[in-house]
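Q: I would like to learn how to read a predicted structure, one feature at a time. Where do we begin?

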Amino acid sequence: MSIAVDIRSAVKRYGTFTALHGVSLAIDDNEFFTLLGPSGCGKTTLLRMIAGFEGITDGEILLFGQTIAGLEPNHRPVNTVFQQYALFPHMTVQDNVAFGLKMKGLSAPERRARAGQMLEMVHLSAFADRLPSQLSGGQQQRVALARALAPAPKVLLLDEPLSALDLKLRQAMRVELKQLQEDTGITFIFVTHDQEEALTMSDRIAVMSAGRVQQVGTARDIYEAPVNRFVADFIGETNLLEVDVQSVSNGVAQVTLPGGHRLACSAATDALGRHHLSIRPERVSLVAGGDVQAVVQRVVYLGSDLQLVARLEGGQEVQIRLQNAARTEVPSPGSHVGLMIEAGAARLLAD
Amino acid sequence: MAGGAIDPGTKGGEGYRGLVGPLLVPTWVMIGIFLVLPVGLMAVYSFLTKEFRGGVEWQFSLAAYDQFFLNRGLFGDEPPTLEWTYIAIFWRSIWQAGLATLICLLVGFPAAWFIATRPPASRGVWLFLITIPYWVNLLIRTVSLKFLIRDNGPLNEALMAIGLIDGPLPLVNTNLAVQLGLFYSYLPFMVLPIYAAVERYDFAYSEAAADLYANRWVVLREIVLPIVKPGIVAGCILVFIPSLGAFLAPDLLGGAKTFMIGSLIEEQFKGSLGNWPFGAAVSMILMALVMLALMVYARQAAKGGGQ
């Protein structure tokens, strides 16, 4: 598989502020790649550097093996879907979609045909003659997609394109976007702060924080084997317990919980001493006479799930998620329960 | 309790609506006193008979309009032909005002763009600098301009001192001087509306266009200009209309050859030589012309918007 976008130690500084500290990423062709992180982590800056709206302070970016340093945005074979869509307000939907084709020098009939095809793809053929202001948010979003895809870019950049939509629409668009990426075979680089979006659509995700890439991997990788506290905390819900690391060998650590219970778990670090252990709430189950003793503090009813907060012997609290099945026995607050931490459920994190 | 004081269902709603009428009174009074009354007075006067020492006789007459459009010979007994004198003055005024508008646009657009793209904190300073000259009376500014460009004024003397020219440039009493006066008088009216439009302009549009392979020139022509067009049109209207009726700049900086509508009208109301009905008629014709032009533009714009 060839590499579509190769980012090599990219640094971006604004005066004394460093937005990106030497980011390196290799994004494969045909990949749905997501840059995920909280606001201010540098993900949008990186996207804008690929598009050419921001210069690069140090390092380089290659597009299919060619450096794109010094190329103006209009000379880069990438297109962008903007956060607020940036549809040209004085042009019809049709003219918006055909704009890039016109700039590439396609003839009017070719433009009409291609734009029509694009609008059909996003189910907006009936709206070709409307102005963007006459469309709903979701429709505008799809026009922005059609406009960016019409010139058949090698790479499509998407800057939080779903953030302006309401929840229902956002969920529907996730499926559509993923489908679109698979159908067109274009490399998508998707920027979002929404981990659910990232997990559901991406082939691979780069979790970013404070101008650095923390971890790159599939959704399963970053959810189940986070490398550090930031990633474990940012992706999904987790319990972070302080533990004593006794030994680490071959990526397996022997740790002691505050209550004295010993546990073997996978390790992202080989340092000994006090470290954090991540345990996903849904990987803990209640077992009569389980190995870890706890006292139930609260029970929260969530519909399909139940959320329990239990206090361990050492005084730390853990959250537990149970499926609300018919056979589930709901413990009452104050009752003593035994917890079973499934094999592979816990992971020792680097700080 | 609280609901007892005002019944929100009927009385409250009507109460608010009932307030609108009285609140509009000041507006209607303003429009009445400063718009309807003067224009009405002007319309009535244009159809009256002139009195020889200025003023009017209350007798209906079409003489003012007749004088504007028709030539009946020196003694008024020849068959009427079209009178060109005043139409020529109108025509000269229109192109002078048009040229002044164009110059204001060419200077004002980059200036407005520059200000609107500064950091928000410093924009206020730039706008302040643009408006400072307007704290000084227009008459004084125009006279000062004349002083600056006259034969032995600072401009000519400076140019001669550095040896760029041998004799003074004849600037006063030329079209150039009038243009300079109009430009200087009305530039902010071009800058401010364009500034407002550019300030609202979302530069993501420019980025989107560049992303779709448009070069800078195409971005300006196909994206920026159409989107900020309302500001440009407003600026052009705000410069063109007062330039058309201006009399200070043409009067003080121009000569007999640059006689414009404003001066023609002013002359009719000066001393005992004036002709009030004729002055009123010229004003009415000017106003009709401007309104016609604006209506044609509005119709074109409405048509263009639908496309």
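Q: Which residues touch the most other members of the largest nonpolar core?
A: In general, nonpolar side chains of soluble globular proteins tend to be buried together. A nonpolar core is here a set of buried Ala, Val, Leu, Ile, Met, Phe, Trp, Tyr and Cys residues joined through C-beta atoms within 7 Å. Buried means that 20 or more other C-beta atoms lie within 10 Å of a residue's own, with C-beta atoms placed from the backbone. In this predicted model, the largest core has 151 residues, and A:I50, A:A146, A:I189 and B:I194 touch the most other members. Helix 8 (residues 175-200) of chain B gives the most to this core, 15 residues. Domain 1 (3-224) and domain 2 (237-348) of chain A both contribute, so the core lies between them. The domain bounds come from an automatic or database domain assignment.

Q: What is B:I194 in contact with, beyond its neighbours within four places in sequence?
A: Two residues are in contact if their C-beta atoms, placed from the backbone, lie within 7 Å. For B:I194 the partners are B:G108, B:F109, B:A112, B:V228, B:G231, B:I232 and B:G235.

Q: In what order do the six strands of the open sheet in chain A lie?
A: Strands of a sheet pair through backbone hydrogen bonds, either parallel or antiparallel. Strands are DSSP runs of E of at least two residues, helices runs of H or I of at least four, both numbered from the N terminus; two strands pair if DSSP finds at least two bridges between them. The order in chain A is 6-7-8-3-9-10, with mixed pairing. Strand 6 and strand 10 (212-217) are the edges, each pairing on one side only. Strand 6 runs parallel to strand 7 (residues 155-159) of chain A, joined by four bridges; A:T80 has A:L157 in strand 7 as its bridge partner.

Q: How many residues does each chain give to the contact between chain A and chain B?
A: Chain A gives 17 residues and chain B gives 15. On the side of chain A, strand 6 (78-81) and helix 2 (93-103) each give two or more residues, and helix 2 has the largest share, three residues.

Conventions
Residues are numbered from 1 along each chain as its sequence is written. Chains are lettered from A and ligands numbered from 1 in the order in which they are written. This is a predicted model: local features need pLDDT of at least 70, side-chain atom pairs count only at pLDDT 80 or more; totals for chains, interfaces and linings use all residues. A residue is buried if 20 or more other C-beta atoms lie within 10 Å of its own, exposed if 12 or fewer, and partly exposed in between; C-beta atoms are placed from the backbone.
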